[in-house]
Amino acid sequence: MSFPFPPPSSGAFDPSASSGTFASAGSAGPEGLVCSAKGCRAQARHALLWNNPKLHDADRRKVWLACEEHLTYLSDFLSLRGFLKDVIPPEELTDAHG
Ligand SMILES: [Zn+2]
């Protein structure tokens with residue numbers, strides 16, 4: 001798998017300069033997985049598995065998808081609440097996840 005994305009190390013990423021660096025339309029990865037962050041249409045690079053014990057069975061896993069930019073935001077959100085269970089590559093998601 002290789003995608004035409006810049007390396008995540010670039011701290012100079014500027015969301016306001018969205019002039020086609022991300023080729024989102026039409027080439028959205030193996031299964032067209034898109035970041036779960038609100039308003040974000042970027043290719044998902046991580047799958048966050050989480051569980052809210054007040055709502056879900058203990059072995060249930062909910063999935064959020066995250067691009068490189070939103071991985072920290074989403075994983076912090078879940079881990080602060082104690083919900084975050086695992087982070088895996090989206091390719092490793094199965095039908096059991098949902
Ligand atoms: Zn995103």
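In helix α1 (residues 71-80), Leu71, Leu74 and Leu78 are buried. These residues lie on the same side of α1, because they cover an arc of only 80° around the axis; the arc is taken from the directions that run from the helix axis to the C-beta atoms. A residue is called buried if 20 or more other C-beta atoms lie within 10 Å of its own, exposed if 12 or fewer do, and partly exposed in between, with C-beta atoms placed from the backbone. The model is predicted: local features need pLDDT of at least 70, side-chain atom pairs count only at pLDDT 80 or more, and totals for chains, interfaces and linings use all residues. Residue numbers start from 1 along each chain as its sequence is written.

**The helix**

- Thr72, Tyr73, Asp76 and Leu80 are exposed on the other side of α1.
- An α-helix has 3.6 residues a turn, so residues three or four places apart point the same way.
- The cover over the buried residues of α1 includes β1 (46-50), β2 (62-66) and β3 (84-88).
- α1 lies across β1, β2 and β3 and runs at about 5° to β1; axes are lines fitted to C-alpha atoms, for helices over the stretch in contact, and angles run from 0 to 180 degrees between N-to-C directions.
- Just after α1, Gly82 takes a positive phi of about 75°.

**The sheet**

- The protein chain has 1 helix and 3 strands, and its elements run β-β-α-β from the N terminus on.
- Helices (H or I, at least four residues) and strands (E, at least two) are DSSP runs, numbered from the N terminus.
- The 3 strands form an open sheet in the order β2-β1-β3, with antiparallel pairing; two strands pair if DSSP finds at least two bridges between them.
- β2 and β3 stand at the edges with a single partner strand each, so one side of each is left without a neighbour in the sheet.
- From one strand to the next, the twist averages 25°.
- β1 and β2 pair over 5 bridges in the antiparallel sense, and His46 stands opposite Ala66 in β2.
- β1 and β3 also run antiparallel, joined by 4 bridges, and Leu48 stands opposite Val87 in β3.

**The nonpolar core**

- A nonpolar core is a set of buried Ala, Val, Leu, Ile, Met, Phe, Trp, Tyr and Cys residues joined through C-beta atoms within 7 Å.
- The largest nonpolar core has 13 residues, of which Cys35, Ala44, Leu48, Trp64, Leu65, Ala66 and Leu74 touch the most other members.
- β1, β2 and α1 each supply at least two residues of this core.
- Leaving aside neighbours within four places in sequence, Leu74 is in contact with Ser36, Ala37, Leu48, Trp64 and Ala66; a contact requires C-beta atoms, placed from the backbone, within 7 Å of each other.

**Glu68 and the whole chain**

- Glu68 is found in the loop between β2 and α1, and it counts as partly exposed because it has 19 C-beta neighbours inside 10 Å.
- Glu68 and His46 are 22 residues apart along the chain, and their C-alpha atoms are separated by 7.6 Å.
- Of the 98 residues in the protein chain, 16% are buried.
- Among contacts between residues at least 6 apart in sequence, 58% join residues at least 24 apart.

Notes. Two residues are in contact if their C-beta atoms, placed from the backbone, lie within 7 Å.
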